[in-house]
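Colleague: I would like to learn how to read a structure, one feature at a time. Give me the general idea, then the case at hand.

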Amino acid sequence: MKKFFIIFALICATINLPGQSPSDSIQIKKRLGPVFQQNGRNLTPNQLLNITKSNPEAYAEMKIANTNYITSLFFQLPGGFLIGYPIGTAIAGGNANWTLAAVGAGLLVVAIPLISGYNKHATNAVNIYNRGLRPTTTPSFSINLKFTANGAVVRISF
């Protein structure tokens, strides 16, 4: 009888402790552009590329997105500098060269379709990746305690 109560106490103690693994899915938050998060952490394009390596279709889509992202940086960074430098010169009281600002604006206009392509391909890659994940479910089981002529019986069904 003592063994029965010890076994019963152990079963009751572990009944509400199923192992849970964190979800591997990537969430898409809509802000100015899509923000990709996994387990509450924002992901960079390189992190997305590494995560999607396990799914070839999502990885191929993310490689296109990453190429668009890197290419857009080559237009965004100089464009922002060429716009900011004349504005800073004008604020400081100097003679601003507004032609540089116009060239910078042109570079930013070229970067817009690349950023849009990154957003589209990265969102598509994340959707493909999330569809390819296996659903994680907690195991279902039931415990029945029955009393028979020979004593108590504990039946665990999975």
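Colleague: How many helices and strands are there in the chain?

Modeller: Helices are DSSP runs of H or I with at least four residues; strands are runs of E with at least two, and both are numbered from the N terminus. The chain has four helices and five strands. Read from the N terminus, the order of elements is α-β-β-β-α-α-α-β-β. This is a predicted model, in which local features need pLDDT of at least 70, side-chain atom pairs count only at pLDDT 80 or more, and totals for chains, interfaces and linings use all residues. Residues are numbered from 1 along each chain as its sequence is written, and side-chain values use heavy atoms, with hydrogens and water left out.

Colleague: What share of the residues of the chain count as buried?

Modeller: Buried means under 20% relative accessible area, exposed means over 50%, and partly exposed lies in between (1.4 Å probe, protein chains only). Of the 158 residues here, 25% count as buried. Areas come from the Shrake-Rupley method with a 1.4 Å probe; for residues, only the protein chains shown count as cover. The accessible surface of the chain is about 11,000 Å². Carbon and sulfur atoms hold 62% of that surface.

Colleague: How do I read the span of α3?

Modeller: The expected span of a helix is 1.5 Å times one less than its number of residues. Helix α3 has 36 residues. From first C-alpha to last, α3 reaches 51 Å, close to the expected 52 Å.

Colleague: Where is the kink in α3 centred?

Modeller: The bend at a residue is the angle between two fitted axes: one for the seven residues ending there, one for the seven starting there. In α3 the kink is about 25 degrees and is centred on L73. Just after α3, G93 has a positive phi of about 95 degrees.

Colleague: Which residues of α3 are buried?

Modeller: The buried residues are A58, E61, M62, A65, N66, N68, S72, G79, L82 and P86. Their cover includes α2 (45-51) and α4 (98-132). Take S72, which sits in α3 (residues 56-91). S72 counts as buried because its relative accessible area is 1%. Contact means heavy atoms within 4.5 Å. Leaving aside neighbours within four places in sequence, S72 is in contact with A111, L114 and I115.

Colleague: Is I91 buried or exposed?

Modeller: I91 is also placed in helix α3. With a relative accessible area of 71%, I91 is exposed. Together with I87 and W98, I91 makes a nonpolar surface patch of about 360 Å². Patches take residues with over 30% relative accessible area and no salt bridge; like charges are joined within 9 Å, nonpolar side chains (Val, Leu, Ile, Met, Phe, Trp, Tyr) within 5 Å. A salt bridge is a side-chain nitrogen of Lys or Arg within 4 Å of a carboxyl oxygen of Asp or Glu.

Colleague: What share of the contacts joins residues 24 or more positions apart?

Modeller: Among contacts with a separation of 6 or more, such pairs account for 50%. Look at N130, in helix α4. Neighbours within four places aside, N130 is in contact with S25 and I26. N130 counts as partly exposed because its relative accessibility is 24%.

Colleague: Which residues does L133 contact?

Modeller: Leaving aside neighbours within four places in sequence, L133 is in contact with D24 and S25. L133 is in the loop between α4 and β4 (142-148). Its relative accessible area is 27%, so L133 is partly exposed.

Colleague: Is G132 buried or exposed?

Modeller: G132 counts as exposed, at 52% relative accessibility. G132 lies in helix α4. The C-alpha atoms of G132 and A58 are separated by 8.9 Å, and the two residues are 74 residues apart along the chain.
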